[in-house]
Amino acid sequence: MALIQRSPMPGLGLSMGITLTMLSIVVLAPIGALLVQGAGFGLAGLWDTINRPRVWAALSLSFRLSLLAAAFNLFFGILLAWVLVRYRFPGRRLIDAAVDLPFALPTAVAGIALTALYAPNGAFGSLAREIGWKIAYGQWGIFIALVFVGLPFVARTVQPVIEEIDREVEEASATLGASRAYTLRRVIWPMLMPAALTGFALSLARAVGEYGSVIFIAGNIPLKTEIAPLLIVIQLEEFNYNGATAIGLAMLTISFALLLAINLIQIWSRRRIGHV
Amino acid sequence: MSDTTLPRPLSAVTEPRAIRLALIGLAVGGLILLVFAPLAVVFAEALAQGWLAALASLGNPDALAAIRLTLTVTAIAMPLNAAFGLAAAWFITRFDFRGKALLITLIDLPFSVSPVVAGLCIVLLFGANSALGGWLVANGHPIVFALPGIVLATLFVTFPFVARELIPVMIEQGRSEEEAALTLGASGWRVLFTVTLPNIRWALLYGVLLCTARAMGEFGAVAVVSGKIRGQTATMPITIEMLYNEYLSVAAFSMAGVLTMLALLTLLLKTALELRHADQLAATRRH
């Protein structure tokens, strides 16, 4: 097969030119610069930069809380999708639209709004303080911000799958004597799982890289509530480009691993059920 | 989706009433805690000292400069992204070539890169410390800590939106209508404007809408490349951060209120598009 097959369609040169030029300038060249910079001081140099308690603390905090937030979103997203598709109640359309708000609301706005709510003198924060629960300026605050930014992913990947489920399958299962719980577990869940896992991975990837909504609510104490993206910003403000590059490369590698996982999940589920 | 198509719930294929109510309560309660309450707080904090204080804070010269900068960046990034999305979708769906899957993956790449890492990449490539950046600064064209860097960062984070929306729609529509127009002697541009664009206009609008919303609200990538010079390179989200850190709560939340209203408008338009033109959008089928 030729590299590009002949086609009667016009605009090959123009559309290919615009696509490849913009892709190179906007995405590939900047990412290439990071890789070149990182290659410049070698694996040992990178390892020395990353292998410090403050960096490990930031990376592990980012991952631990992102995993927890994505896990929460997995359950809450399936719940939301199920309720929105299967049940009828007043205000359903409003709830449906509200699920998308975290995609539309700028992260800095979300950050200061959540902080105002969950700070010790905020509406919810003061209630929590009564029972001795500190939310903002601690790990709980980071968790809530990460749940917010990842909220739509699972709900929006699972919702169309639930819409497509043939109710007759559930009826058949019930007729054959299965209890409702058994039907949900053995009939519905296997159909939802691939989409739910995709949403989980998307939510996780988003949470790991999230910066804007977290920094206001986190408290940002080194070794305790400092997330990895913030550490990059701090290194850059100190003009420590090597430090920023090393952490940036670590995060990029992890993001690519997540991207690969998402693709593998999709390939696997396509084989299993024919579509996503 | 419509309320009439659902059969009456049978006990065998739905949950008991108590469980249904509990699940609805959990969903609504969770969204109140996470979505509705923060929305209300933005406006409550902005209006804490009345309308006049909120409006006065937006009339401040630095605030006006921030609004102007955000609009400028969006006005540059949005058409560039739309043009790229259209070109990429045309190239990918109208021609057959090797490496198509790789190209699509590369276009999607910005979605899986942290915005802060994106900003870092742009600083490393175009910052005064790099060879290219040093040369550009010496010739009077600084990229980082200036408008071009902010535009580049915005382009990076919004890169896939339009292309991702157009590609599935154009694959589904196929090439036959365009081939027919070509056979009848239409020029390439005429085919684009009279055959292709009318078919994909709602999908294009949808992608542009998502791209615009993200462009106006981007924080992490812009925070790294902007240098945060008040009145010059501080966009609206950056200004919100600066005001908030100076404990100027009313001013910070007033500007946040403006962005929130724009976000709500985006949601409204998006929902309207999904309701009216669902059959012509990729998003309503894909996700």
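Chain A is built from 13 helices and 0 strands, where helices (H or I, at least four residues) and strands (E, at least two) are DSSP runs numbered from the N terminus. This is a predicted model, in which local features need pLDDT of at least 70, side-chain atom pairs count only at pLDDT 80 or more, and totals for chains, interfaces and linings use all residues. Residues are numbered from 1 along each chain as its sequence is written, while chains are lettered from A and ligands numbered from 1 in the order in which they are written.

The mean pLDDT (the predictor's confidence in each residue, from 0 to 100) of chain A is 90, and 98% of its residues reach 70 or more. Within chain A, helix H6 (residues 107–118) has the highest confidence, at 96, and helix H13 (residues 241–273) the lowest, at a mean of 83.

The C-alpha trace of chain A spans about 70 × 65 × 35 Å along its principal axes. Of its 276 residues, 46% count as buried, a label for residues with 20 or more other C-beta atoms, placed from the backbone, within 10 Å of their own. Residues 24 or more positions apart supply 77% of the contacts in chain A with a separation of 6 or more; two residues are in contact if their C-beta atoms, placed from the backbone, lie within 7 Å.

Turning to chain B, 14 helices and 0 strands are found. Its C-alpha atoms fill a box of roughly 60 × 55 × 30 Å, taken along the principal axes. Buried residues make up 45% of the 287 residues in chain B, and 74% of its contacts with a separation of 6 or more join residues 24 or more positions apart.

Chain B is assigned domain 1 (1–46) and domain 2 (50–286), with bounds that come from an automatic or database domain assignment. The C-alpha centres of domain 1 and domain 2 of chain B lie 32 Å apart. Contact between them involves 5 residues of domain 1 of chain B and 8 residues of domain 2 of chain B.

Finally, the two chains meet: the contact takes 80 residues from chain A and 80 residues from chain B. On the side of chain B that touches chain A, helix H1 (residues 17–46) of chain B gives the largest share, 16 residues. That side of chain B has 55 nonpolar, 13 polar and 12 charged residues, with Ala, Val, Leu, Ile, Met, Phe, Trp, Tyr, Cys and Pro counted as nonpolar, Asp, Glu, Lys and Arg as charged, and the others, Gly among them, as polar.

How values were computed:
A residue is buried if 20 or more other C-beta atoms lie within 10 Å of its own, exposed if 12 or fewer, and partly exposed in between; C-beta atoms are placed from the backbone.
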